[in-house]
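Take the sequence and the model side by side. The walk below goes helix by helix, then residue by residue.

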Amino acid sequence: MDIKNGKKLGLYTTIAFVIANMVGTGVFTSLGFQLLGISNSVSILALWLIGGIIALMGALVYSELGAAMPRSGGEYYYLSQIYHPLVGFLSGWVSITVGFAAPVALAGMALGKYTSGVFTGISPQAIAIVVIVLITFVHCYDVRFGGKFQNLFTSFKIGLILVFVLCGLLITPQFQDFSVHINSFSFKDLLRPEVAVSLIYVSYAYSGWNASAYIASEIREPQRTIPRSLFFSTLLVTLLYIILNFTFLITTPAADMVGKEEAGLVSAIHIFGQTGGNIMGMLISVLLISTISSMIFVGPRVSQVMGEDLKLLQFLSYKSKHGTPVYAIVLQSLISVVLIITSSFDSVLTYAGFTLSFFTFLAVLGVFVHRSRFPKAERPYKTWGYPVVPALYLLVILWILYFTFKGKPIESTYGLITVLSGSIIYYINKWYQSK
């Protein structure tokens with residue numbers, strides 16, 4: 001590793017990256033889509049709790065994998081070692097084309113929507129593209145500069161959410177009647193297919209809980225730092241998500257948010273009035289910059305590792321004199337811009353959520369395989385609750401994938417096509433290297 005230890009990321013910065021990867025687009029946009037299939041507010045809050053538990057279970061497993069295999073690359077590296085280089089490559093291919101580029105595009109779309117909701121007449125697409133380009137230049141410059149940039153925006157993000165919640169609970173003129181939802185809530189409702197589809201939005205909002213696994217080589221003492229960063233980040237974000245969605249639901253009529261991307265802006269207007277709501281909407285837009293920044297920093301590290309291992313993609317391994325994988329960063333941002341120009345928010349969210357869930361499923365399954373294949377491997381951290389915790393995670397993800405494919409077949413099929421296209425690239429690379 002050519003980054004000196006003094007330039008590596010500590011626990012606080014690593015936690016900042018994980019939180020920034022998780023908090024952002026999903027929590028400020030998912031509620032409107034959940035309300036299309038679920039009308040009970042208690043059921044929706046239960047989904048956010050379930051999503052947090054699922055993410056925490058996944059984080060516990062990734063903590064073991066990350067401590068046992070402390071190298072950047074995330075699922076790409078894990079699955080290559082556990083199963084076969086082809087499986088790892090497909091995961092890395094998805095990371096390049098979907099895993100980070102799509103969330104960056106979604107965050108950009110949401111930022112553009114929030115901003116254009118305040119300043120009418122401005123193109124949401126143009127706003128999204130300009131912000132992505134500017135942040136790309138920031139992270140192409142220097143690793144430490146990018147880390148400081150991330151710390152600043154993540155602290156702002158958490159502070160803004162807490163202010164939003166406090167103001168919502170203290171100054172809202174009129175609360176929604178929650179007793180109706182409490183009285184009509186039934187646990188059986190959580191087994192409906194519509195809930196499984198809604199969970200793909202929730203799981204997308206939590207995606208990013210595994211972020212520190214992607215940059216293990218740039219973390220000080222990764223065997224200790226990765227498990228701690230994953231656990232504390234996921235726990236904190238779960239609490240933030242529940243109280244924030246509770247604030248949305250108790251301050252704003254559900255009918256005003258149904259099917260809308262900018263649920264946070266709608267709620268802010270109900271809490272603060274039109275002018276105050278517009279100000280809060282702009283602050284949320286700034287908050288989304290943190291999400292974009294984190295994804296642009298973390299994602300290219302996967303591409304970089306693939307470039308180091310595969311001759312066809314060798315250009316992605318190139319680093320500037322400041323230690324940044326410049327070509328990998330630029331490629332990811334270009335894909336994000338293409339998605340913004342060509343796709344809708346809902347289709348990109350389902351496409352990304354389905355595809356990413358498939359590979360986190362394989363990674364969590366991998367803890368069983370890794371223990372079987374490498375029983376003598378050093379494990380500085382072992383999954384708490386093994387084997388029950390990973391088994392429960394796998395069952396829930398299978399349930400989500402099945403009903404998402406059934407309810408959203410087009411977007412899910414695009415995800416599978418993306419995976420299959422990666423196998424073509426893999427065998428082209430093998431032919432290329434043999435030449």
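Which residues of α1 are buried? They are Thr 13, Thr 14, Ile 15, Ala 16, Phe 17, Val 18, Ile 19, Ala 20, Asn 21 and Met 22. Buried means under 20% relative accessible area, exposed means over 50%, and partly exposed lies in between, with a 1.4 Å probe and protein chains only. Helix α1 is thus mostly covered, with 10 of its 12 residues buried.

A word on the ground rules. This is a predicted model, where local features need pLDDT of at least 70, side-chain atom pairs count only at pLDDT 80 or more, and totals for chains, interfaces and linings use all residues. Residues are numbered from 1 along each chain as its sequence is written, and side-chain values use heavy atoms, with hydrogens and water left out.

Helices here are DSSP runs (H or I, at least four residues), numbered from the N terminus, while strands are E runs of at least two. Helix α1 covers residues 11–22. At 1.5 Å a residue, its 12 residues should span 16 Å, and the end C-alpha atoms are 17 Å apart, which agrees. The expected span is 1.5 Å times one less than the number of residues.

Now the helix pairs. Two packed helices are described by the angle between their axes and the distance between the axes. Axes are lines fitted to C-alpha atoms, for helices over the stretch in contact, and angles run from 0 to 180 degrees between N-to-C directions. Angles under 35 degrees count as roughly parallel, over 145 as roughly antiparallel, 65 to 115 as roughly perpendicular, and the rest as oblique.

Start with α6 (residues 101–118) and α13 (residues 263–309). They pack at about 150 degrees, with axes 8 Å apart. That makes α6 roughly antiparallel to α13. Their crossing is left-handed, meaning that the near helix is turned anticlockwise from the far one by less than a right angle; clockwise would be right-handed. The contact of α6 with α13 has 16 nonpolar, eight polar and no charged residues. Ala, Val, Leu, Ile, Met, Phe, Trp, Tyr, Cys and Pro count as nonpolar, Asp, Glu, Lys and Arg as charged, and the others, Gly among them, as polar.

Stay on α6 for Ala 110. Ala 110 is buried, at a relative accessible area of 1%. Beyond its neighbours within four places in sequence, Ala 110 is in contact (heavy atoms within 4.5 Å) with Thr 25, Thr 29, Leu 288 and Phe 345. Phe 345 sits 235 residues away along the chain, yet the two C-alpha atoms are separated by 8.2 Å.

Next, α3 (residues 41–68) and α16 (residues 388–407) pack at about 130 degrees, with axes 9 Å apart. They are therefore oblique to each other. This crossing of α3 and α16 is left-handed. Their contact has 11 nonpolar, one polar and no charged residues.

The pair α10 (residues 193–206) and α15 (residues 345–373) packs at about 75 degrees, with axes 9 Å apart. These helices are therefore roughly perpendicular. Their contact has five nonpolar, four polar and one charged residues.

Phe 175 lies in the loop between α8 and α9. Phe 175 is partly exposed, at 39%. Trp 431, in helix α17, is exposed, at 51%. The C-alpha atoms of Trp 431 and Leu 312 are separated by 9.7 Å, although the residues are 119 apart along the chain.
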